[in-house]
Amino acid sequence: MLPNILILPGVILIVAVLLAGGFFLYIYWWLVQRPTPKLDGTVRLDCLDQPVEVLRDRHGIPHIYAQTLSDLLRAQGYVHAQERLWQMEQNRRIARGTLAEAYGEAALDADRFSRIVGFRRAAAAELAGLDVETRQALAWYAEGVNAFIETHPGRLGAEFNLLRVTPEPWQPEDILAHAKVMAWGLSVNWESELTRLRLQERIGPIRAADLEPDYPAANPVIAEAVGSHESTRLLSTAGLLLNEYEKVKPWLGQPVEGRGSNAWAVAPKRSASRRALLCNDPHLALQMPGVWFENHLVCPDFEVSGVSFAGTPGIILGHNAYIAWGMTNAYPDVQDLFVERPRPDTPDTFACGDGWEAAQVIEETIQIRRREPHVERVVITRHGPLISNLTAQSNTVMPLALQWVGHTPGQTVRAVLKLNRARNWEEFQAALMDWAAPAQTVVFADADGNLGQVLAGAIPRREQNLGLLPAPGWDPAYDWRGMIPWDELPRAYNPASGLVVTANNKMVGDEYPHFMGIETLPGWRAARLEELLAEKERFSLRDMQEMQLDTLSKYAAALAPYFAQLNSDDTWMKIAITYLRKWDFRMDSESTAAIIFHYALACLLEEVFGKKLGDLAPAYYGISSSPIFLIDGFLLRAQTRLLEMVAAGESSWFADAATGALRSRDEVLTRALSEAVKRLRAEFGDNARRWAWGRAHQVRYTHPLGSVRLFRSIFNRGPYPVGGDGTTPNQAYAPPVLPLGLVQVTASYRQVFEVGVWDRAQSVITSGQSGHPLSNHYADQITMWREGVYHPMPWSREAVEEAAHYRATLTPTTSD
């Protein structure tokens with residue numbers, strides 16, 4: 001009996017181990033590993049007319065060769081789905097407002113937001129207005145996506161298996177809906193209007209206006225082009241706002257009281273190779289997998305290379321045989337809020353001039369995993385949907401309607417496909433005439449050595465309403481007057497300096513006849529890029545790469561000396577001041593001075609603004625309230641206004657928040673630096689040499705399923721230390737509050753072209769081509785991106801063949 005008793009626990013242990021191993025094998029191999037695609041071999045597809053070759057390099061970047069445009073777009077859709085179908089599904093669910101179906105109640109607020117804003121409604125309206133050729137291109141692409149879905153049941157992606165989600169067939173509307181989400185994420189300023197309104201309510205109009213910075217006069221304005229000697233008339237932003245505050249008092253009933261990317265081009269005369277150079281590094285939110293998918297598309301009469309969005313046909317940024325282009329967000333004001341006046345006896349009817357106009361009411365049913373559905377009642381006025389129930393923090397019960405250019409049908413997808421074919425400046429501009437949203441500054445260079453830039457997008461034309469605060473929706477005088485005509489949008493072609501530079505900085509001077517908003521970024525990156533471009537007569541591709549990786553902050557160079565001139569008897573204060581005095585203003589990840597500066601900056605913001613604004617401080621600092629969209633119109637505005645106050649030497653904002661006692665500039669700076677040193681010692685110890693910027697300033701690649709502990713090591717990567725900040729060309733923005741959080745916005749893609757010599761193209765993305773976590777190409781570009789290394793992006797068939805690491809053939813099912 002005794003041996004049997006002893007054997008029983010051993011059997012149980014063996015069974016338990018086998019069960020645990022089987023469960024692990026089931027999760028790891030059957031659900032996660034099995035969907036990882038094979039990149040070699042032959043695949044038969046019903047949707048193809050003729051065979052398509054897909055050659056991939058060592059990073060899994062596909063070069064797709066087709067015999068017709070229809071098969072090329074089908075193959076692109078297939079390849080996108082093969083590597084990124086869950087990302088596409090996630091984006092589709094964001095646009096449709098169906099995240100809660102997969103994730104449960106935690107995603108309900110995001111779904112409500114999407115349903116109310118109406119990304120899918122806007123996409124359906126846009127699809128109805130598209131020309132036949134563009135609709136056909138979308139249909140071909142969707143056929144390719146669906147071909148992958150149909151031929152890979154159970155092997156679509158780990159996320160589908162783990163969440164037990166089956167995707168619906170892809171539709172052209174899904175492509176447009178994702179484009180609407182991207183456009184929204186790069187648009188401003190509805191949150192800014194609410195922030196200004198709340199600041200006015202809290203501290204009064206004069207104090208609120210005093211928080212608005214002017215655009216730094218020393219920083220460049222895009223439309224002037226580099227090297228221009230024309231002076232720009234810069235108006236006082238505060239004065240503009242005070243005027244707006246006076247307008248809104250009568251109808252708001254207020255008491256009477258006294259938000260990146262880099263792109264630039266270099267003409268042949270400034271290039272070491274005597275060819276134009278073009279560079280671009282768009283700054284977007286960091287995610288896993290990354291935003292961009294690199295590809296090269298080839299068929300007779302159509303060839304283009306660069307990056308695309310998985311889920312969208314064509315190439316967004318890149319080059320064809322004739323031209324290269326890049327984009328930066330222009331930040332015009334394309335969103336306005338209107339206070340609507342409901343009819344007392346008919347609450348869904350609203351005042352319009354001397355009459356009334358009924359709103360459209362839609363009931364949106366949101367399915368929630370393991371819970372009863374939620375019904376969202378969406379009211380759509382003549383200006384747009386009411387978003388009042390999403391903005392309870394505004395302390396107002398007035399109905400607020402959102403008007404956004406993205407609600408109006410546009411032709412952005414057609415613009416992309418035409419841009420991919422453009423051969424010169426004229427065709428480049430003709431393509432961008434169709435671009436609606438998001439508004440972008442698009443940089444151009446061609447193989448003949450010409451360069452230029454143009455602001456493309458639908459931008460409201462305003463008269464009385466400047467869009468800085470919510471406007472009275474019942475008064476037609478505040479309505480938009482259509483859009484700014486295409487031929488009146490700013491542009492530059494072959495400037496005498498031989499340079500064009502854009503970095504989300506101010507597009508035009510205030511003498512420009514149309515008001516486009518005040519929320520461009522303050523120009524610190526643009527100023528540094530122009531400074532670098534003035535250091536040499538001629539530049540190489542390597543010079544361009546070094547510029548993209550530059551970590552010197554012009555903002556720090558302006559503010560840090562005020563800390564460095566302080567005196568103190570405290571030993572640790574002396575150490576911090578010494579580091580700042582010796583600093584070269586570079587935000588390198590190993591820099592001690594950089595972390596001292598940022599901690600001091602965060603403490604100074606808190607001392608000057610935070611303690612007085614309370615719960616409004618995050619909004620003033622440009623920290624978005626959206627669960628999905630991180631870009632906010634107030635980005636870097638608080639830092640810019642802070643520098644103005646410090647440079648002026650005195651401000652009422654320097655007063656002590658608790659007692660109201662006035663304090664000098666040096667007293668406030670000393671208090672902030674002292675608090676920063678205390679925080680640094682508490683977090684990193686008493687060895688200042690260990691206070692490295694990269695210890696606090698890090699990136700983490702997070703996947704939605706990485707929030708589950710069991711899957712964290714499978715889907716997530718990092719954290720990793722990085723240099724740069726929100727004001728350096730090598731942009732790596734994190735919110736300016738302590739404790740410092742992870743970097744949110746950074747260079748999502750870097751491209752450097754010697755225009756016309758396309759086999760010398762260099763690029764890198766943030767993570768990898770694949771969205772499959774166990775693929776060799778899920779994270780193989782992370783180290784390259786962090787260390788400033790690029791990979792070649794070959795163009796000629798010979799170069800592609802030499803770089804080919806995988807070979808696949810997509811062939812029609814009927815092919816012999």
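Predicted model: local features only at pLDDT ≥ 70, side-chain atom pairs only at ≥ 80, totals over all residues.

Colleague: Okay. Which strands form an open sheet, and in what order?

Modeller: Three of them do, in the order β11-β12-β13, with antiparallel pairing. The edge strands are β11 (342–343) and β13 (355–358), and each of these pairs on one side only.

Colleague: How many bridges join β12 to β13?

Modeller: Four bridges link β12, residues 346–352, to β13, and the two run antiparallel. As an example, Ala351 has Trp356 in β13 as its bridge partner.

Colleague: Let's zoom out. How many helices and strands does the chain have?

Modeller: There are 25 helices and 29 strands. The chain has 816 residues, and 62% of them are buried.

Colleague: And what does the accessible surface come to?

Modeller: About 31100 Å², with 52% of that belonging to carbon and sulfur atoms.

Colleague: Now β10. Is that strand largely enclosed or open?

Modeller: Strand β10 covers residues 335–339, and five of the five are buried, so it is largely enclosed by the rest of the structure.

Colleague: Which residues sit on each side of β10?

Modeller: Gln335, Leu337 and Val339 are on one side, with Asp336 and Phe338 on the other. Both faces are covered, and all of these residues are buried.

Colleague: What does β10 pair with, then?

Modeller: Two strands come up here. Five bridges connect β10 to β16 (residues 400–404), running antiparallel, and two bridges connect β10 to β19 (residues 471–472), running parallel.

Colleague: How about β21? Which way do its residues point?

Modeller: Strand β21 covers residues 499–502. Leu499 and Val501 point one way, Val500 and Thr502 point the other way, and all are buried. Four bridges join β21 to strand β4 (residues 261–266), in an antiparallel arrangement. One of the details there is that Ala265 has Val500 in β21 as its bridge partner.

Colleague: Changing topic: what is the volume of the second largest cavity?

Modeller: About 220 Å³. Of the 22 residues lining that cavity, the closest to its centre are His598, Gln639, Asp725, Gly726 and Ala734.

Colleague: How does anyone spot a space like that in a model?

Modeller: Rolling a probe the size of a water molecule over the atoms shows where empty space is left.

Colleague: How many of the lining residues are nonpolar, polar or charged?

Modeller: For the second largest cavity, the lining divides into 14 nonpolar, seven polar and one charged.

Colleague: I always check cysteines. How many disulfides does the structure hold?

Modeller: Zero disulfides. As a reminder, a disulfide is a covalent bond between the sulfur atoms of two cysteines.

Colleague: And Cys279 and Cys299: buried or exposed?

Modeller: The cut-off for buried is under 20% relative accessible area. Cys279 has 0% relative accessibility, so Cys279 counts as buried. Cys299, with a relative accessible area of 7%, is buried too.

Colleague: What about cis peptide bonds?

Modeller: I can give you two. A cis bond joins Met288 and Pro289, with omega about -5°, and Pro289 lies in the loop between β5 (277–285) and β6 (292–299). The bond from Ala437 to Pro438 is also cis, with omega near 0°, and Pro438 is in the loop between α13 (425–432) and β17 (440–446).

Colleague: Great, thanks for the tour!

How values were computed
Residues numbered from 1 in each chain as written. Heavy atoms only, no water. Buried < 20%, exposed > 50% of the residue type's maximum accessible area, 1.4 Å probe, protein only. Pairing = 2+ DSSP bridges. 1 Å grid on protein atoms, 1.4 Å probe; cavity = no way out; pocket = protein on both sides within 12 Å on 5 of 7 lines; lining within 4 Å. Points joined across faces, edges and corners; volume = space filled by probe spheres on them. Nonpolar A, V, L, I, M, F, W, Y, C, P; charged D, E, K, R; others polar. Areas by Shrake-Rupley, 256 points an atom, 1.4 Å probe, with all protein chains shown as cover. Disulfide = S-S within 2.5 Å.
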